[in-house]
Amino acid sequence: MARYTGPMTKKSRRLGVDLVGGDKAFERRPYPPGMHGRGRPKESEYLLQLREKQKARYAYGVLEKQFSLYYKEASRRPGKTGDNLLIILESRLDNVVYRAGLARTRRQARQLVVHGHFTVNGIKVNIPSYRVSAHDVIDVRPKSVEMTPFIIARETHSERVVPAWLDALPERLRILVHQLPTRAQIDTQVAEHLIVELYSKN
């Protein structure tokens with residue numbers, strides 16, 4: 001399973017948005033890395049579009065080829081392509097685990113899924129890109145409930161804001177998917193129309 005494993009703070013600073021969530025290093029230095037980081041480079045239309053695509057890719061931990069496939073799927077669906085793209089990304093299992101507060105970051109959520117700690121509707125799933133559907137029930141496997149990440153998740157769950165399209169039951173380590181999200185329910189800081197403009201040129 002290929003994925004970006006480099007330093008996320010550097011990517012956050014380059015793209016101007018906290019891709020991790022609560023990244024204190026980014027808060028201290030919210031400007032691009034490098035000796036010219038404080039300068040003001042000329043921003044072309046292409047650069048702005050590419051930056052938005054990179055924000056989405058790194059935020060959700062998706063590589064270029066898979067992101068391109070998601071875009072093609074989104075463009076075939078009825079409705080706005082940009083909205084469809086973000087809904088597809090939000091419905092990934094690793095993102096749902098993160099949004100529900102059972103992992104501190106999407107990277108941790110991905111690792112927990114890969115290690116087989118979750119079931120969807122009673123069936124073990126270890127694929128982070130697995131797409132959840134409305135009315136799915138996601139549980140932590142019984143043998144995993146006393147692992148440190150899940151103990152911490154139960155104790156700190158009140159500090160997390162769970163989106164309305166999900167219902168998290170921290171004591172039972174269960175996630176209920178009421179519906180797939182609407183664009184208004186997705187708080188990812190991405191201008192998706194710029195991504196659509198970028199791909200429409202190709």
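**Reading charges, contacts and helices**

Modeller: Start with two side chains: E90 and R106 are both buried. Buried means under 20% relative accessible area, exposed over 50% and partly exposed in between, with a 1.4 Å probe and protein chains only. The model is predicted, so local features need pLDDT of at least 70 and side-chain atom pairs pLDDT 80 or more, while totals for chains, interfaces and linings use all residues. Residues are numbered from 1 along each chain as its sequence is written, and side-chain values use heavy atoms, leaving out hydrogens and water.

Colleague: Which residue forms a salt bridge with R106?

Modeller: Side chains of opposite charge can pair when their charged atoms come close. A salt bridge here is a side-chain nitrogen of Lys or Arg within 4 Å of a carboxyl oxygen of Asp or Glu. R106 pairs with E90, and their closest N and O atoms are 4.0 Å apart. The pair links distant parts of the chain, 16 residues apart: E90 belongs to helix 5 (residues 81-90) and R106 to helix 7 (residues 106-114). Helices (H or I, at least four residues) and strands (E, at least two) are DSSP runs numbered from the N terminus.

Colleague: What other partner does E90 have?

Modeller: R99, with 2.8 Å between the closest N and O atoms. R99 and E90 are both buried. A network of salt bridges links E90, R99, R106 and D187. The whole structure holds 12 salt bridges. Another of them joins R154 to E146, at 3.7 Å from N to O. E146 counts as exposed because its relative accessibility is 57%.

Colleague: Is D94 buried or exposed?

Modeller: D94 has 3% relative accessibility, so it counts as buried. D94 lies in helix 6 (residues 93-99). Contact means heavy atoms within 4.5 Å. Apart from neighbours within four places in sequence, D94 touches Y60, A109, R110, V113 and P128.

Colleague: How do I read two packed helices?

Modeller: Two packed helices are described by the angle between their axes and the distance between the axes. Axes are lines fitted to C-alpha atoms, for helices over the stretch in contact, and angles between N-to-C directions run from 0 to 180 degrees. Helix 4 (residues 64-76) packs on helix 5 at about 125 degrees, with the axes 8 Å apart. Angles under 35 degrees count as roughly parallel, over 145 as roughly antiparallel, 65 to 115 as roughly perpendicular and the rest as oblique. Helix 4 and helix 5 are therefore oblique to each other. Their crossing is right-handed; that means the near helix is turned clockwise from the far one by less than a right angle, and anticlockwise is left-handed.

Colleague: Which residues make the contact between helix 4 and helix 5?

Modeller: F67, Y70, Y71, E73, A74 and S75 of helix 4 meet T81, N84, L85, I88 and L89 of helix 5. By class, 7 are nonpolar, 3 polar and 1 charged. Ala, Val, Leu, Ile, Met, Phe, Trp, Tyr, Cys and Pro count as nonpolar, Asp, Glu, Lys and Arg as charged, and the others, Gly among them, as polar.

Colleague: At what angle do helix 3 and helix 9 cross?

Modeller: Roughly 115 degrees, and the axes of helix 3 (residues 45-60) and helix 9 (residues 192-200) come within 8 Å. The two are therefore roughly perpendicular. Helix 3 passes helix 9 in a left-handed crossing.

Colleague: How many helices and strands are there in the protein?

Modeller: The protein has 9 helices and 5 strands. Of its 202 residues, 46% are buried.
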